[in-house]
Amino acid sequence: MIIFIFLSAIQPFVVSMLLAYVSSDDVDFVGMGSGYGIALFLGISSLVNAFILNSAMYYCYYFGMAIKSSLIARIFRKALLISNCVKENRSVGDIITLMSVDVERIWYATLLLPWLILSPIMILVSIILLLIKMSYAALLVCVFIILLGVLLEHVSKRISKIRVEIVKHTVERT
């Protein structure tokens with residue numbers, strides 16, 4: 001995934017070199033004085049970046065489905081084996097919610113975990129690149145990102161409270 005971040009970060013520089021070549025015909029990119037070489041490098045790096053992202057998402061999806069399937073099977077087996085006195089404390093709706101909603105959240109977590117790890121790194125790299133290209137004007141972007149993060153945290157807490165209420169009604173309905 002580090003290769004994905006690197007290729008994503010370098011692409012704007014390659015595009016600016018390609019635009020500089022088109023406007024002046026005087027750009028040297030790692031010994032390539034031709035715009036064809038710069039365009040070829042941009043195309044290959046974009047293709048490799050897409051393959052890396054696609055394979056990473058495939059493996060996250062595969063891993064998440066394996067976890068989801070095994071958890072549903074374990075919960076179902078446990079529901080069949082528990083005694084009647086334990087079943088008195090739990091309703092059928094609780095067990096079905098555990099098998100569907102909770103397992104679904106774990107599956108989503110496996111899909112989103114790489115982005116949870118990569119997003120701060122990508123934001124940091126983007127801010128550094130903005131500081132290199134735009135100097136102190138990029139600090140406004142940093143402030144905006146921090147404010148956006150605070151707003152998203154507030155919204156996610158509200159959504160969490162609403163979901164807790166929805167799950168209670170789902171259990172009762174089931």
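Among contacts in the chain between residues at least 6 apart in sequence, 68% join residues at least 24 apart; here, contact means heavy atoms within 4.5 Å. This is a predicted model, where local features need pLDDT of at least 70, side-chain atom pairs count only at pLDDT 80 or more, and totals for chains, interfaces and linings use all residues. Residues are numbered from 1 along each chain as its sequence is written, and side-chain values use heavy atoms, with hydrogens and water left out.

On to the overall layout. The chain has five helices and zero strands, and reading along the sequence gives the pattern α-α-α-α-α. Helices (H or I, at least four residues) and strands (E, at least two) are DSSP runs, numbered from the N terminus. The average pLDDT of the chain is 81, and 89% of the residues score at least 70; pLDDT is the predictor's confidence in each residue, from 0 to 100. Confidence is lowest in helix 3 (residues 84-87), with a mean of 68, and highest in helix 2 (residues 35-81), at 85.

What about the surface? The chain exposes about 12700 Å², and carbon and sulfur atoms supply 72% of that area. Accessible areas come from the Shrake-Rupley method with a 1.4 Å probe, and for residues only the protein chains shown count as cover. Of the 174 residues in the chain, 20% are buried. Buried means under 20% relative accessible area, exposed means over 50%, and partly exposed is in between (1.4 Å probe, protein chains only).

Next come the aromatic rings. A pair of aromatic rings is described by the distance of the centres and the angle of the planes. Rings of Phe, Tyr and Trp (its six-membered ring) pair if their centres lie within 6.5 Å; planes under 30 degrees apart count as stacked, over 60 as edge-to-face and the rest as tilted. A search of the whole structure turns up five aromatic pairs. In one of them, Phe4 and Trp115 have ring centres 6.1 Å apart and planes at 80°, so the pair is edge-to-face. This pair ties together distant parts of the chain, with Phe4 in helix 1 (residues 2-24) and Trp115 in helix 4 (residues 92-134), 111 residues apart. Phe4 counts as buried because its relative accessibility is 7%, whereas Trp115, at 24%, counts as partly exposed. Trp107 and Tyr108 make a tilted pair, because their ring centres are 5.2 Å apart and their planes are at 35°. Trp107 is buried at a relative accessible area of 10%, while Tyr108 is partly exposed at 44%. Elsewhere, Tyr58, Tyr59 and Tyr62 form one aromatic cluster.

The charged end of Lys68 sits over the ring of Trp107, 4.9 Å from the ring centre. For that label, NZ of Lys or CZ of Arg must be within 6 Å of the ring centre and within 35 degrees of the ring normal. Lys68 lies in helix 2 and, with a relative accessibility of 17%, counts as buried. Setting aside neighbours within four places in sequence, Lys68 is in contact with Val103, Glu104 and Trp107.

Back in helix 1, Ser8 is partly exposed, at 25% relative accessibility. A polar atom of the Ser8 side chain lies 2.9 Å from the backbone oxygen of Phe4. Ser8 and Met122 are 114 residues apart in sequence, yet 8.9 Å apart in space, C-alpha to C-alpha. Gln11 is also found in helix 1, and counts as buried at 18% relative accessibility. The side chain of Gln11 makes a polar contact with the side chain of Ser46 (3.1 Å). A polar contact is a pair of N or O atoms within 3.5 Å; within protein, one must be able to donate a hydrogen and the other to accept it, and residues adjacent in sequence count only if both atoms are side-chain atoms. Leaving out neighbours within four places in sequence, Gln11 is in contact with Leu42, Ser45, Ser46 and Asn49.

Leu113 sits in helix 4 and is partly exposed, with a relative accessible area of 44%. The C-alpha atoms of Leu113 and Cys60 are separated by 8.6 Å, although the two residues are 53 apart along the chain. Ile127 lies in helix 4 and counts as buried at 16% relative accessibility. Apart from neighbours within four places in sequence, Ile127 is in contact with Cys142 and Ile145. Ile127 and Ala138, 11 residues apart in sequence, are 7.1 Å apart in space, C-alpha to C-alpha.
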